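Biologist: Please take a close look at one part of this model, starting from a single residue and its surroundings. Then set that part in its wider context.

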Protein chains: 2
Amino acid sequence: MKEVIPMRVLSTDLSSHIGERVTLAGWLHAKRELGAVSFVLVRDRAGLAQAVVDGTLDLRPETVLEVEGLAVTASQAPGGVELQEPSFSVVAEPAEATPVELRRPVLKETLPMILDHAAVALRHPRERAKFQIAAASLAGFRRALDGLGFVEISTPKIVASATETGANLFSLDYFGRPAFLAQSPQLYKQTMVGVFERVYEVGPVFRAEPHETGRHLAEYTSLDAEVGFIRDHFDVMAVVREAIAGMAEAVRERAAAALELLEAPLPEVPAEIAWVHFEDAGVDDVDLAPADERRLCEEHGDWLFVTGFPAAKRPFYTHPEPGRPEYTNSFDLLFRGMEIVTGGQRLHRYDDYVAALDGETEPYEGYLQAFRYGMPPHGGFALGLERWTARLVGARNIRETTLFPRDRSRLTP
Amino acid sequence: MKEVIPMRVLSTDLSSHIGERVTLAGWLHAKRELGAVSFVLVRDRAGLAQAVVDGTLDLRPETVLEVEGLAVTASQAPGGVELQEPSFSVVAEPAEATPVELRRPVLKETLPMILDHAAVALRHPRERAKFQIAAASLAGFRRALDGLGFVEISTPKIVASATETGANLFSLDYFGRPAFLAQSPQLYKQTMVGVFERVYEVGPVFRAEPHETGRHLAEYTSLDAEVGFIRDHFDVMAVVREAIAGMAEAVRERAAAALELLEAPLPEVPAEIAWVHFEDAGVDDVDLAPADERRLCEEHGDWLFVTGFPAAKRPFYTHPEPGRPEYTNSFDLLFRGMEIVTGGQRLHRYDDYVAALDGETEPYEGYLQAFRYGMPPHGGFALGLERWTARLVGARNIRETTLFPRDRSRLTP
């Protein structure tokens, strides 16, 4: 890695400097006194390093410091190296003791306590590891879609009308006029198929979710894609498979240490993911319940597409199943017992939109322009980053894989 | 490029298929009748292809179609190839003639007319080229910072208090409570220096800008980064230089055709960008005016850092200049006569924040946690994507480099 700012050695690079005097910089993570010596753990962005001190070190945990010392092989130390004869210089002192005990192998505090003190709690190696996995996943998603000729777009989050339904919308004072926060980039990404054919966007989406569950948030990161010139939703599902495989591959390449720390098994992504039509999924309702998602993955394994959802539960732009309009050319992707992707083929003829909207086209004028002037068959999908990461690391609640979650009761930190 | 969905040949790949019968798919871009034959231009995501038709083709512009034909060398055609003996099959018909004339080499309509019909106007090759450049820029930004060990983060856009000042905030009904749209990820990205040391975020930011100018929007895409263990703002400026160089390089690699189409000269990014202290910049006020930015670039060239802005115009978290607290360790980067980056070193000691906020710390509790528990010297910057792209392609108004701009009067499409 190129260094543009002051040289120091990272904790994980110590083993390349055996026998040298080097300087580390980071936080005092933990201290342990053992007779006449103390073992001091220093945390930096890469990991932990151990320094051996004669006597005790009179500094608090979370003191920011530089440590200069001799790198020596030590089998019990992190990475098999420790710093001996260290000298410490304090860069910044904490004002008081931390409200969460970062020195423990796993944080013991409750989830609300951890979330209330996110700025500190996220410093724990296991906490931050989840977000290193999330970051690698984003890089893998983009790399996979870039490789398929997709173009990244940035579409507005302040919008004049609902994307899907009037429910769950946050409303806004826009220079004295009413406006809303976009529930998804759905309408814009479809429009952009007319320009770039293949587009994606990674960004925040907003849902005024009235329920507090472990799988819903008022704001989350949506990985959206849309693609033109498809035959049907199975072509979209093939793109989903490529995106997921790219995400898993990037996590393996870029976040291997985080995976190992969390003992999180990376799933194999099969060349073709199995699918079952909604009709054959053994579901009593017009949509999957969480229990259905768990049961289907128990029956089918880590990955399963459910296709052909009933029209009653899919939004107005959904393409019907040819010959059976009570079903749709749509799908969900289940991963380890939870829906993480939803998608499908969309309507592409102007007249079909006018009919689907019962002629109430006025709020959608800007969107319908695209269909008025010629659009190919197309479809797309959306993947929730926090859910993907939660499934990957085995977190029960998506608040555990969100830096600063937003829900009905949580607006800070 | 791997194809996961139906095979077709892209317009720009025709020259690899001379003498073969191939199928293109796209939009009928333009027709020109010349005696007994017509030349039909088909537009796909990659470019334009010409087909030669006996007689006339009775189809409207923007008809979505597939064209099967024989690829033959033809020096006057785009890419030096044309399709002969073509047969057309219509995929989707437009409902009416387009409101903007896409066949012209450059759109002739006014900017408001173009923006009102963005879904169609963006189909023009020159319009979409600007956003291919923007997409390449984003990829280059991320690649440069990934290479320096930065971690991508996703922070909330719905917040409980102002980031910088109380002005220019959009307010929101959050489950019956007041909330705001984040003016920047500033406070969150600083907090995350305590976790990852080096972070970046690409996402929307929101400013209730009362003025309608060619350089301000109510919503834009901000490229934010923050880095710890710096000496001062010059270390941050070194990161800015790497980011900018990475963006320019990615545009060269990934959007060469778009640059060529727009005849946009890509700037050289020098190994060290020149800088001038605010004191020596010949400015009468406490901040740069647009005229100052233009003048300074006339004097210094494409790139110039202005450093040391007066404390009076920088936000509360700005680090003062050692020994001269009326100035700050801050900077702007000017590019071709306009500020596109702003940044600097931040305060990092808890007591300094308490003083800077005059003890009014309560709205910032979640943020100040980071400083309460030990933070290293750090700094960062924000780059406006639309301004960068506008400077790159020579657009006068940043609305020309925004897919769907938002301003005081514009909330749709």
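Modeller: Contact, as used here, means heavy atoms within 4.5 Å. This is a predicted model, in which local features need pLDDT of at least 70 and side-chain atom pairs count only at pLDDT 80 or more, while totals for chains, interfaces and linings use all residues. Residues are numbered from 1 along each chain as its sequence is written, chains are lettered from A and ligands numbered from 1 in the order in which they are written, and side-chain values use heavy atoms, with hydrogens and water left out.

The residue to start from is B:Glu127, which sits in helix α3 (residues 125-147) of chain B. Helices (H or I, at least four residues) and strands (E, at least two) are DSSP runs, numbered from the N terminus. Setting aside neighbours within four places in sequence, B:Glu127 is in contact with B:Leu107, B:Ile114, B:Ala121 and B:Leu122. Its relative accessible area is 13%, so B:Glu127 counts as buried. The scale is as follows: buried is under 20% relative accessible area, exposed is over 50%, and partly exposed is in between (1.4 Å probe, protein chains only).

The wider context is the pairing of the two chains. Chain A is superposed on chain B by a rotation of 180° with 0.0 Å of shift along its axis, at an RMSD of 0.0 Å. The two copies are therefore related as by a two-fold rotation axis.

The contact between the chains draws 108 residues from chain A and 108 residues from chain B. Of the interface residues of chain A, 100% are also interface residues in chain B, so the copies meet through the same surface. About 9100 Å² is buried between them, with carbon and sulfur atoms giving 63%; buried area is the accessible area (1.4 Å probe) that two parts lose on being put together, summed over both.

Across this interface there are 10 salt bridges, each a side-chain nitrogen of Lys or Arg within 4 Å of a carboxyl oxygen of Asp or Glu. One salt bridge joins the side chains of A:Arg45 and B:Glu197, at 3.1 Å from N to O. Helix α3 (residues 125-147) of chain A supplies the largest share of the side of chain A that touches chain B, namely 8 residues. That side of chain A divides into 59 nonpolar, 19 polar and 30 charged residues. In this count Ala, Val, Leu, Ile, Met, Phe, Trp, Tyr, Cys and Pro are nonpolar, Asp, Glu, Lys and Arg are charged, and the others, Gly among them, are polar.

B:Arg336, in the loop between β16 (330-335) and β17 (338-346) of chain B, has a positive phi of about 50° although it is not a glycine. With a relative accessible area of 21%, B:Arg336 is partly exposed. B:Asp358 also has a positive phi of about 50° without being a glycine, and it lies in the loop between α8 (350-356) and α9 (365-372) of chain B. At 67% relative accessibility, B:Asp358 is exposed.

Key: Least-squares fit on C-alpha atoms with pLDDT ≥ 70 in both.
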